[in-house]
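Thank you all for coming. I would like to walk you through one model today, taking the chains in turn and then a few individual residues.

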Amino acid sequence: MIEVIADERCTSCNICVTVCPTNVFDKMSEGIPVIARQGDCQTCFMCELYCPEDALFVSPFADTPREIDVKAIKTNGLLGSYRRAVGWTEQTRALRSVDRTYLLLGG
Amino acid sequence: MTSRSARAAKTSVAGAVEYDADVLVLGGGPAGTWAAVAAASHGATVVLADKGFCGTSGATAAAGTGIWYVEPDADKREAAMAGREAMGGYLQDRGWMGRVLDRTYQGVNQLADWGYPFPVSEDGRSRRNSLQGPEYMRLMRRRAKQAGVTILDHSPALELLLDDAGAVAGATGLRRQQGDTWVVRAKAVVMATGGCGFLSKTLGSNVLTGDGYLMAAEAGAEFSSMEFSNPYAIAPAFGSVTKTLFYGWATFTHEDGSVVPGAASKGGRSAIARALLQGPVYAKLDKADAATRAAMRHAQPNFFLPHDRTGIDPFEQRFPITLRLEGTIRGTGGLRITAENCATSVTGLFAAGDAATRELICGGFTGGGSHNAAWAMSSGYWSGRAAAVHAHELGAVHARGYSRAGTVGLQQRQHRRYDPAALVNAVQDEVFPYHINYLREGGRLTASLARLDALWRGVAGADAADNATVRRTRESAAMLATARWMYRSALARTESRGMHRRDDFPRQDEAQRRYITSGGLDETWIAFRAAPALPLLEAAE
C-alpha cells in the first residue's frame, strides 16, 4: 500500500492525484497532496513510476499498512528504485528497451 | 462522416457534463485504447471513459505481458495455433486464431512505428513478443489523445442508455474528482471494461469488478464460457505482484521444508491449492541459473519489488506464497461475440478485451497474458472500427429517445439500501475458496450458487444508492452477477475441460465439446451452442 509522500521532495504537482487508478490521493488547496483513501490502494506501484521527484513509496504489503522508516528508504536507494529500474529517469533511459522476456520465453 | 480531428460535442448542465459522440468506449486499457484509436481513425468522434486513469488503469498497465506475436510463416503460425488446442479443450476457432495472429502482427508492428522501445537481441533482431505495461499504456494514451479522442479519467460508467428500439445509445457515470456525473449519447458503444477479478488484489486489477458485464446484461446481452473463470495466480502471500511465468523456476515447499508433491506453476498449480488448504506454502526460484536470473531482472522489474523491499533474495531464500483469484481477467468467459466485427447480442454494443469472451482463440484455458494481449489489441481494433461504421450508417439521430437501462442500486425501490462492503465480502467468500471455485464439485457449487442467488434477491429490490456509495454498490452487484453466471455455467458442464476441473467429473467428455451461453439477472439461464469444427488431422482427446 502507498505509505509515504516525502514532503521535502514533493512539489505539489499532483500528478499522483491524476494518475492513481483507484483515486487514493486528494489534492489540497494548500500544500502537498494527501493519502486520503489508503484502503483503496491496490499496490500497483504506478504512482511511484509517475512521480518526477521520487517522493512516493509503496510498501509491498498489499493488505496491511506498515510503518516505514523514511530516512532509511532515502539512504538505501529504495525511494525511486522502481522508476529507475524501468528506465523512466534521465539517467536510466537505456533500460526502457532492456526487456529480456524473449530469453525466458525461449522465442 | 465527421473529419478525423473532430471531437465529441460537449455541453454542461448543472451537476453534469454531457457529450454527443459517434462512439463511446468504456474502459481505457489496451482494448479500449485500441478501439478508440481505430474508431477515430475511421472518422468517428470518440469519447473514452475510464474508471481510473487511462494509462495506469487495469491489468496490463501495472504489469508486463507476453504477446502472441508470430511471424507470418505458415509453419510457425500452425504451431502457434495447434500448440494450445488440447489445453483449451478444443474450443478454439481456427478462423479466429488466424485473424488474431494477423491483426496482432500488424498491431505490434504499428507500436514499433509509434516508437515503442522494443528490445534488440544480440543477433540484431527487434524482439516483439513482450510488452512492458507502463510503457505500452502510456503510449496508447498518447495515441488516443493524438487521434482526437476525448478522455474522461476517474469516470466510472454506471449504466447504459438505450434508444426507443432497445439499441445501446450511450452511458452515464460519475466524475469522481469533480463530484458530478457525465452523460454520453453515442451511436455505438464499445464495452472494454475488462474482466472481473473480485477485488482479489491481483496486480492492477481492483478496478476490474465486472461493471461492464452488469451494464451489458441490463441491456440484454449474453455471455459465453463463463465456467472458465477460475484461474489463480501465484503471488507472495503478503503482496500483489503476480507473474506466474517466473514460478516456472520455483521449488514449492511445505512449512517443514518438504517439497509439495506435484506442485508446479504450469500443470501443477492445483497441487499448490490443495497444499494451501492444509497450511502455508513457500517458493524459492532456485531452478534459475545466473543467466536466467539476470534476464528476469530485466524482463519484469516489478516482480522483485516485494522481495527487494522486504530484504528477501527470491533465488536463495524461500518466501510464503498464495494464489490470488484472477476470475474472468485470465479466464476466458465474457460477453458473447456474435460476429467478426466483435458485435454482441445487443444492437449498438460491441465488446473487446477481457470484457468479451476469449473462447475463440483460447477455448477453455488462457494462454496467459500473451493471448489476452493479442485479443485486446485485435478485438479492440475491430470493435472500434465496427462502432465507427455503425455510427456512420446510423447517420443523424435527431429526436432519438433515450432511457436508462440500469437496475440494481439505481432505481427507487421499497427495500433498504445494502452495504456494498458486506456484499463484496459475501461474494468473495463464495469465489475465493479453492475448494469451491478451483477444485469444483457439484454439491459445493450448487450450495454456493443457492447462497449467491439468495444474495441477489436481497439486493435486487434495494433502493437507489446515493452519489457517495453508488459506485461501490454497482461494483458489488456486478461481482455478484458475475459469480452467478460462473457457477450456473460450471454446474452445466458435467466434465473437466480447460481450466474447469470437476472432482465429480474428472474426465473430458467429447459430447460436451460445446459452448455454454449464459445470461439473466433476476433469473439466470444457460444454453448450449455447437463448438467450431475440429481442425483437420487433429484428433480430439
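This is a predicted model: local features need pLDDT of at least 70, side-chain atom pairs count only at pLDDT 80 or more; totals for chains, interfaces and linings use all residues.

How many helices and strands are there in chain A? There are five helices and four strands in chain A, where helices (H or I, at least four residues) and strands (E, at least two) are DSSP runs, numbered from the N terminus. Residues are numbered from 1 along each chain as its sequence is written, and chains are lettered from A, with ligands numbered from 1, in the order in which they are written.

Reading chain A from the N terminus, the elements follow one another as β-α-β-β-α-β-α-α-α, and its C-alpha atoms fill a box of roughly 50 × 30 × 25 Å along the principal axes. Of the 107 residues in chain A, 41% are buried, a residue being buried if 20 or more other C-beta atoms lie within 10 Å of its own, exposed if 12 or fewer, and partly exposed in between, with C-beta atoms placed from the backbone. If we take the contacts in chain A between residues at least 6 apart in sequence, 53% of them join residues at least 24 apart; here two residues are in contact if their C-beta atoms, placed from the backbone, lie within 7 Å.

Turning to chain B, we find 15 helices and 19 strands. The radius of gyration of chain B is 22 Å, close to the 24 Å that the globule rule gives for 541 residues, so chain B is as compact as a globular protein of that length; the radius is taken over C-alpha atoms, and the rule is 2.2 Å times the number of residues to the power 0.38. The C-alpha atoms of chain B fill a box of roughly 70 × 60 × 50 Å, again along the principal axes, and buried residues make up 56% of the 541 residues.

Chain B is divided into domain 1 (19-229 + 328-398), domain 2 (232-325) and domain 3 (420-512), with bounds that come from an automatic or database domain assignment. The C-alpha centres of domain 1 and domain 2 of chain B lie 30 Å apart, and seven residues of domain 1 of chain B are in contact with eight residues of domain 2 of chain B.

Strand β18 (residues 514-519) of chain B is joined to β19(B) by six bridges, and the two run antiparallel, with R514(B) standing opposite A530(B) in β19(B).

Now to the contact between the chains, which takes 32 residues from chain A and 41 residues from chain B. On the side of chain A that touches chain B, the largest share, five residues, comes from α5(A).

Finally, some single residues. R77(B), in helix α2 (residues 74-82) of chain B, counts as partly exposed, with 17 C-beta neighbours inside 10 Å. Leaving aside its neighbours within four places in sequence, R77(B) is in contact with V70(B), P72(B) and L101(B).

Which residues deserve a look at their backbone angles? Most residues other than glycine have a negative phi. Y90(B), however, has a positive phi, near 55°, and with 22 C-beta neighbours inside 10 Å Y90(B) counts as buried. S225(B), in the loop between β10 (223-224) and β11 (232-236) of chain B, has a phi near 60°, also a positive value, and counts as buried with 28 C-beta neighbours inside 10 Å.

How values were computed: Two strands pair if DSSP finds at least two bridges between them.
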